[in-house]
Amino acid sequence: MTGLSTILIVVGLFLAGGVYSFSKQRMPKGLIVLLAVASAMCLAAGVLRIQGIWE
């Protein structure tokens with residue numbers, strides 16, 4: 001596992017926690033969707049780097 005993969009996964013999980021928190025606080029839906037998309041992209045990039053598919 002490389003350092004960048006670890007950072008991407010940690011940031012993705014942090015953003016996923018933000019999605020949960022913002023949804024409980026009834027923040028604007030656009031912001032929640034933006035955080036969800038960013039979280040999914042970070043997690044996917046981290047996993048792809050671990051698998052060696054994306055370098």
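Biologist: Which residues form a nonpolar patch on the surface?

Modeller: This is a predicted model, where local features need pLDDT of at least 70 and side-chain atom pairs count only at pLDDT 80 or more, while totals for chains, interfaces and linings use all residues. Residues are numbered from 1 along each chain as its sequence is written, and side-chain values use heavy atoms, without hydrogens and water. Patches take residues with over 30% relative accessible area and no salt bridge, joining nonpolar side chains (Val, Leu, Ile, Met, Phe, Trp, Tyr) within 5 Å and like charges within 9 Å; a salt bridge is a side-chain nitrogen of Lys or Arg within 4 Å of a carboxyl oxygen of Asp or Glu. With about 250 Å² of accessible area together (Shrake-Rupley method, 1.4 Å probe, only the protein chains shown counting as cover for residues), the patch consists of Leu4, Ile7 and Val11.

Biologist: Does Val11 count as buried, partly exposed or exposed?

Modeller: Val11 lies in helix α1; helices are DSSP runs (H or I, at least four residues; strands are E, at least two), numbered from the N terminus. Buried means under 20% relative accessible area and exposed over 50%, with partly exposed in between (1.4 Å probe, protein chains only). Val11 has 34% relative accessibility, so it counts as partly exposed.

Biologist: Which residues is Ser5 in contact with, leaving aside neighbours within four places in sequence?

Modeller: Ser5 sits in helix α1 (residues 3-24) and counts as buried because its relative accessible area is 0%. Contact means heavy atoms within 4.5 Å. With that exclusion, the partners of Ser5 are Gly46, Arg49 and Ile50.

Biologist: What percentage of residues 31-50 is helix?

Modeller: An unreviewed UniProt entry annotates residues 31-50 as "transmembrane region"; positions follow the numbering used here, feature names are shortened, and annotations may be inferred rather than shown by experiment. The end C-alpha atoms of this stretch are 29 Å apart, and strand is 0%. Helix accounts for 100%.

Biologist: How far apart in space are Ile53 and Val19?

Modeller: Ile53 is in the segment after α2 and, at 63% relative accessibility, counts as exposed. Ile53 and Val19 are 34 residues apart in sequence. C-alpha to C-alpha, their separation in space is 27 Å.
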